[in-house]
Amino acid sequence: MKNKSCIFLSALMILGVTSCSAFGAEQNNPTNKEFEIRIGANLTLEAKRSNYEYDVLSGAATQLALISLNDKGEYEPQLTTFKTNDNKTYNFTVIEGMKWHDGTKVTAEDILYTLKYEDNFGNGHNFKDVTDEKGNVTPKLYESFEISDDKASIVLTLVTANVRHLSNLITLRIMPKHIYEGKESEVTDKESLIGCGPYKFSSFNKNANTLVFEKFDDCPIKVKPTKLIYTLYKNDTSLYQAMKNKSIDTIYKYSVGISKEGLAALKKDDSIVIKSVPGKNVPAALTFNNSIELFKDINVKNAIAYALEYDRYKLLFSDENAKTPNRSFIPTSQEFAVETSSLSTILTKATELLNNSGYIKKDGDKYFKKDNKELEFTLTTKLDANNLHPRYGDAVKTSLEKFGIKVNLETLDSSKYSEKTSNKFSNNNITHEAAIFGYTPFGLNSGAGFGTIYMDANHPVQGGGQVNDPKFTEIISNLNASKTLEEYKVNATLVQKYYETNIPSIALFSANTSYVFSAKYDNFAIDSTFGIINYKTWENIIKK
Amino acid sequence: MRKANTFTYYLGIIILLMFALWAIFPSSFAPYELKESFTPWQGMSMSHIFGTNDMGYDIFTEIVYATRDTLIISISSAFLTMLLAILFANLSLVKKFGIGLIFDTLINVLLNIPKLIAILVLISFLPRTRINIILLISFFSFASEAKILKNKIINIANQTFIEQNILYGFNRTYIALHSYLPNLKNTLVVRLLSVLSKTIMMESTLSFLGMGDLYYPSWGTMINFAYQRGAFLMNAYYYLLAPGFMIMLFCISFYFVSERFEKGS
Amino acid sequence: MNKYLRSILIATLTLIIIVIINFFLPRMLPGDPVYHLTGISEDFISPDLYNFYYEKLGLNLPMHEQFGLYLKSLFDGTLGYSYIHEETVFTLIFSTIGNTLKIIIPSVLIVSILAIIFGLRNAFKEEGNKKTIFSYVTILFNTVPSFLIGMILLILFSFVLGWFPDNGLNSPGATGGSAFFDELWHLLLPITTMVLAMFPSKYLLVKENSKKILKEKYVLFARTSGLNKLQIAYHYLLKNSFHTVFTSIAMSLAFGIAGSVVIENIFSINGMGLLFSSALNKQDFPLLQGMLFFVSLVSVITLIVSDLLILIIDPKTRRKQNA
C-alpha cells in the first residue's frame with residue numbers, strides 16, 4: 001500500500017466510503033499465490049472488431065498461433081507440434097486438449113479454414129495464385145494439404161521447399177471454423193472475440209480505459225496470472241508515470257521498447273527491473289520510394305547517406321548503447337546478419353557524389369541545383385502517439401537542409417500514412433517520395449525475411465521501398481526457395497549486400513530494446529517477436 | 001491607484017515592444033540559430049536559460065523564433081476581426097431596405113455557432129495555411145465584437161450632443177468624424193486589445209491540437225511537443241511552462257495597456 | 001417584432017447556415033468530393049469501391065436531389081454516416097456524450113454560482129474603479145490557455161502528488177456505491193480545469209454588468225433610502241442582469257463541448273471531445289460535419305429554452321415584450 005493514490009482511497013474509506021476492488025488486489029494473503037498482472041499500453045481501442053490494436057493485445061492472451069519463436073531464435077510448439085524432414089512437407093498436430101473458449105475442440109480443420117480464409121477474405125496466397133491489378137502474380141505457397149482421420153493433424157506440402165517457412169506462421173492466429181464458416185461477414189462482435197488461448201476476453205470498459213482477459217482453465221498451456229488487466233493510456237507520459245506510481249506492473253510497447261525518456265524516468269527506481277536486449281528492430285529508417293526518378297539515381301541516395309548526422313541521432317533518440325548503423329539497414333543482432341560497411345557523415349563525399357550526377361551548389365545558394373531546379377523531396381512521417389516520428393522527420397530535414405537538399409515535411413495520421421506507404425492500404429498505389437519507417441522484428445523476419453517485405457514493390461501488404469529491380473526480385477525468390485539453412489545464409493548475405501550497394505533505406509541509428517517489469521515478479525521470457533508480453537512469460541512468471 | 005495604472009501601462013508597453021522586436025529581429029535576440037542542436041534535455045543554465053528540448057534545440061531560441069509566427073497569426077486575425085466588426089456594426093444600423101435587419105440577424109446567427117468546433121471542422125477541409133487560419137479565426141470571432149460596437153454606437157447616438165449636431169445641420173461625415181469617432185476611439189482600442197488576447201489564445205489552442213506547423217513551432221505547438229515528448233519525465237518543466245508563460249505575458253500586457261483606455265470606453 | 005419569435009428565427013437561420021456550409025463545402029472544394037465526403041481518398045480506394053461510394057453518396061444525382069438526401073440524413077436523426085467508424089454519427093455522439101456532460105454540467109453549475117456570488121460581491125467593492133485583488137487574479141487566470149491549466153493540474157495533483165487518477169473516468173472493477181465516488185474522484189480534475197477556464201469571463205461579466213447598474217439613478221435612490229447590500233443585490237442587480245447572465249450560462253453549455261475537446265484529450269476521457277479530435281486526426285469528414293451540426297443544434301436549443309425560461313421566470317421581460 002505504498003501507492004499514494006491508495007492513501008487517498010484510505011482517507012475516503014475512513015469517511016465511510018468503500019474502496020474499489022482493483023486496488024485491493026495487493027492486500028491478498030501472501031501465501032495465496034494467485035495474482036493478476038496489470039499492463040499499461042499507449043493505444044486506443046475502438047469497441048469494434050477487426051481492430052489492429054485489439055489483435056495485437058489479444059495475440060499474447062486469447063489467440064494462439066501454430067508455433068512460436070523463442071529468444072534463442074528457435075521454433076517451439078504453441079497450438080500444435082510440428083515436424084518436417086525436407087522443409088517441403090510440414091506436419092502440424094494440434095496439442096491434446098486445446099479448446100475454443102466456447103468449449104469446442106480445436107481441430108486441424110480450423111487450421112485449414114484459416115489458411116483458406118486468408119485466401120478468400122485476406123491477403124493470402126496459400127492455395128491459389130494471386131494476380132494484382134498490375135498483372136503481378138504471387139504464386140501459391142502450398143501444393144496440397146491432407147488432414148488426418150482423427151482431425152488432429154494436417155500435412156501441408158509447399159510448392160517449393162523453404163527452410164524458413166515456419167517464420168510465416170508465428171503470428172498466424174488460427175480461427176474457429178465452426179463460428180466463421182458460411183457467415184464470414186455476419187460474425188458478431190462477441191463471437192469474434194472467441195479464441196483458443198490460455199486467456200479469454202473478459203471485459204472492455206471504455207470509461208476506465210481497461211481491457212481485461214481472464215484465465216481460461218481448460219487450456220493445456222498453464223499460465224499463472226489469473227487475469228491480465230490492460231490499461232490504455234493516451235500518451236507516454238501518463239503511461240510511464242503509471243509505472244512509476246506502481247498502478248501497473250509492466251508496459252506493453254510493441255517492437256520499439258521503452259523510450260529514452262521513459263527509461264530515464266524509471267531507471268532510478270529499485271522496484272522496477274529493466275531488461276535490455278540488442279534491438280531486433282529498426283526504430284527509424286529513412287526509406288526512399290526507389291521507383292521514382294530522383295531515387296533511381298544511386299548517387300543521390302548515397303549522398304544522402306553521407307549527409308545524415310548519425311552521431312546526432314544517437315544522442316537525440318537513444319542511450320549510451322546506441323550504435324551507428326551499417327549501410328544494410330538490417331540490425332546486426334538478426335540471425336544471419338552480416339557486417340556491411342558502417343555509415344558515416346562525410347559531407348565532402350556527399351557533395352562529390354551529387355556533383356557527379358550534375359547537382360551543383362553555387363556559393364550563396366542554399367540548395368543543390370540541376371537544370372535550375374532545386375534538389376528536393378517530400379518526406380512523409382506518421383503522426384504517432386507521442387510525436388516521435390515527426391521528430392525523426394525534423395532531424396532528417398535539418399541535417400539535409402544544412403547540407404543542401406531541400407526536404408518538405410508531410411505529417412500524416414497513421415491511417416493516411418499507411419494509405420501512402422503500403423501496398424495493402426493504397427491498393428498497390430504507393431505515392432510517397434520518401435518516408436520515415438519503423439521496422440518491427442516480425443516485419444523484418446516475415447516473408448522471405450531480411451526486411452524484404454518492406455522493400456519489395458510487389459509485396460501484397462507492405463512494399464514501401466518500392467524496389468522493382470529484377471536482381472532484387474531474384475534474390476527474394478531464391479530466399480523463398482532455400483532448402484537448407486546454408487543455402488538461405490548465402491542468399492541472406494546477397495540481400496544484405498544488395499542493400500549495401502543500392503541503399504533503398506537508411507537506418508538512422510541502432511539501439512537496444514528495453515522492457516520494464518515490477519520487481520515484485522521474476523522469471524520473464526523475452527520473445528523475439530512480442531517482447532516481454534508473451535505466453536512463456538505467463539507460464540513461468542513467479543511472484544516474489 | 002493612478003500611479004499603479006501608469007506603471008502597469010508602461011510595463012505592458014515595454015513587454016509588447018520586446019515581443020515585437022523578437023518577432024521582427026529574432027536572430028538578434030535568440031542566443032543561437034534556429035535548429036542549432038546541442039545535448040538534449042539540458043537543464044537551465046547560463047548558456048541555455050530555459051534548457052534544451054528533446055531535439056537538443058535551445059528552448060529560449062525556439063520561443064523567440066516562435067514569436068513571429070504566433071504574432072502574425074494573432075495580430076492579423078485581431079485586426080481583421082475588428083474590421084469585420086466595424087463593418088457589420090455599421091451595416092446593422094442602416095435603416096434602409098432592411099439591410100440593418102439582415103446584418104443584425106447575421107451577427108446573431110454567428111454568435112450561436114461554437115467557435116472552436118467550427119474553426120476546427122473547416123480547417124480540416126481547407127489547406128492548413130496561415131491565411132486560412134487567420135480568415136477562419138476572424139470570421140468566427142467578429143460577431144461578438146460587432147454586437148458590442150453596435151450597442152456602443154446606439155448609446156452615443158442617444159446622447160444629447162449628437163442630436164444637437166444634427167439640429168445644427170452638420171453633415172453626416174462631419175458628425176461621424178467629430179462626434180462618433182472620438183467617443184468610439186477608446187472602445188475600439190480596448191476591444192482590439194481584448195480581441196488580440198482572444199486570438200492568441202485561439203491560435204495556441206489550435207496549435208496545441210496539432211493544427212500548426214510542426215517544424216516551425218508556435219508557442220502552442222511547443223507545449224504540445226513538450227508534453228508528448230516527455231518533458232515531465234525528464235523534469236524539464238521549463239519546456240512545458242516557458243511557452244505558456246509567454247502566452248500569459250502577452251495577454252496580460254495587452255490587458256495592462258487596455259486598462260488605461262477602459263475608463264473612457 | 002416579438003423577441004421570442006425573433007430568437008427562433010435566428011436559431012433556424014443558424015442551422016440553415018450550418019447545413020449550407022456542410023452541404024456545399026465538400027462539393028465546392030477543388031479535389032475529389034468522395035474524399036471530402038468520406039475521408040477516403042480516390043487514390044487509395046479501388047475503382048469498384050470508388051464507384052460504390054460515388055453512388056452511395058448520391059454524387060451522380062442532380063444537386064437538388066443530393067441536397068434532399070442530405071436533409072433526409074439530418075431529419076431521420078442519423079446525422080450522416082462515418083465511413084471510418086462504420087457507424088452513424090448519431091450513434092457515435094450518443095455513445096460519448098454522457099461522459100462529456102458529466103464534466104460540462106457540474107462545471108457550468110459551479111461556475112454560474114461562483115460567478116454570481118463573487119461578481120455581485122465585488123461589484124460593490126469595486127465602485128469608483130478600484131480593483132480587488134480577486135479581480136486581478138481572475139484576470140491573470142483569464143490569460144492562461146485552458147490546456148495549460150489542465151496540464152498543470154494533471155502534473156501537479158496526479159503525477160507529482162498522486163492524489164488523483166490520470167486516466168479515464170473509472171478505476172477498473174469499481175462497482176455500486178463506490179463506483180459513484182470513484183467516478184467523482186476521476187472527474188474532479190477535469191471539472192476543476194473547466195471551472196478555472198470558464199470562471200473568469202463569467203465573473204467579469206456579472207461584475208461589470210452589476211457595476212453599471214449600480215450607477216443607475218434608481219439604484220442610487222434605493223440605496224440612499226436604506227436598503228442593504230443584500231437587498232440591492234437581489235432586487236436590482238440580479239434581476240436586471242438576469243437576462244444577460246442566464247443567456248451566457250445557457251451558451252456555455254454548448255461552448256463547453258468545444259472546451260471538452262482540449263480537456264478530454266489531456267485527461268484521456270472517452271467523451272465527445274475525444275471523438276471529435278480523433279475524427280480530426282483521421283480526417284473523418286462526415287463525423288466532423290455531423291458534430292458541427294449537432295453542437296450548433298445544442299447551442300440554438302439551449303438559447304431558445306433559456307429565452308423561454310426567462311419569459312416564464314421574469315415577468316418584467318414578458319411585459320416589456322408585449323409593450
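**Figure 1. A buried salt bridge within chain B.** B:Arg191 and B:Glu145 form a salt bridge whose closest N and O atoms are 2.8 Å apart. The pair joins distant parts of the chain, with B:Arg191 in helix α8 of chain B and B:Glu145 in helix α6 (residues 130-157), 46 residues apart. Both B:Arg191 and B:Glu145 are buried. A salt bridge is here a side-chain nitrogen of Lys or Arg within 4 Å of a carboxyl oxygen of Asp or Glu. Buried denotes under 20% relative accessible area, exposed over 50%, and partly exposed the range in between (1.4 Å probe, protein chains only). Helices (H or I, at least four residues) and strands (E, at least two) are DSSP runs numbered from the N terminus.

The model shown in these views is predicted: local features need pLDDT of at least 70, side-chain atom pairs count only at pLDDT 80 or more, and totals for chains, interfaces and linings use all residues. Residues are numbered from 1 along each chain as its sequence is written, chains are lettered from A and ligands numbered from 1 in the order in which they are written, and side-chain values use heavy atoms, with hydrogens and water left out.

Figure 2. A:Asp249 pairs with A:Arg38 in a salt bridge, with 3.0 Å between the closest N and O atoms. A:Asp249 belongs to the loop between α6 (236-244) and β13 (250-252) of chain A, and A:Arg38 to strand β1 (residues 36-41), so that the link spans distant parts of the chain, 211 residues apart. A:Asp249 and A:Arg38 are both buried. A salt bridge also forms between A:Asp311 and A:Lys314, where the closest N and O atoms are 3.5 Å apart. Because A:Asp311 and A:Lys314 are 3 residues apart in helix α10 (residues 310-317) of chain A, about one helical turn separates them. A:Asp311 is exposed, at a relative accessible area of 57%. A network of salt bridges links A:Glu261, A:Arg391, A:Asp394, B:Lys35, B:Asp54 and B:Arg229. Over all chains, the count comes to 31 salt bridges by this rule.

**Figure 3. The interface of chain B and chain C.** The contact (heavy atoms within 4.5 Å) involves 43 residues from chain B and 48 residues from chain C. About 4,200 Å² is buried between the two chains, 80% of it on carbon and sulfur atoms. This buried area is the accessible area (1.4 Å probe) that two parts lose on being put together, summed over both. On the chain B side, B:Asn112, B:Ile117 and B:Phe125 lose the most area to chain C, together 18% of what that side buries. The rule finds 1 salt bridge across this interface. B:Asp104 forms a salt bridge with C:Arg6, the closest N and O atoms lying 3.0 Å apart. Helices α4 (99-112), α5 (115-125), α8 (172-208), α9 (219-228) and α10 (237-262) of chain B each supply at least two residues of the side that touches chain C. The most, 11 residues, come from α10(B).

**Figure 4. The nonpolar cores.** A nonpolar core is a set of buried Ala, Val, Leu, Ile, Met, Phe, Trp, Tyr and Cys residues joined through side-chain atoms within 4.5 Å. The largest has 172 residues, of which A:Ile251, B:Phe19, B:Ile63, B:Leu206, B:Trp219, B:Tyr239 and C:Phe276 touch the most other members. The largest share of this core, 15 residues, is supplied by α10(B). Not counting residues up to four places away in sequence, B:Ile63 touches B:Trp22, B:Phe50, B:Trp219, B:Met222, B:Ala242, B:Pro243 and B:Met246. A second, separate core of 65 residues includes A:Tyr113, A:Met175, A:Tyr180 and A:Phe216.

**Figure 5. The surroundings of B:Thr70.** B:Thr70 is located in helix α3 of chain B. With 1% relative accessibility, B:Thr70 is classed as buried. B:Thr70 touches B:Ile200, B:Glu203, B:Ser218 and B:Trp219, leaving aside residues up to four places away in sequence.

**Figure 6. Two loop residues with positive phi.** Most residues other than glycine have a negative phi. A:Asn87, in contrast, has a positive phi near 60°. A:Asn87 sits in the loop between β4 (80-84) and β5 (89-94) of chain A and is buried, with a relative accessible area of 17%. For B:Trp41, phi is positive and near 55°. B:Trp41 occupies the loop between α2 (26-29) and α3 (59-91) of chain B and is buried at a relative accessible area of 11%.
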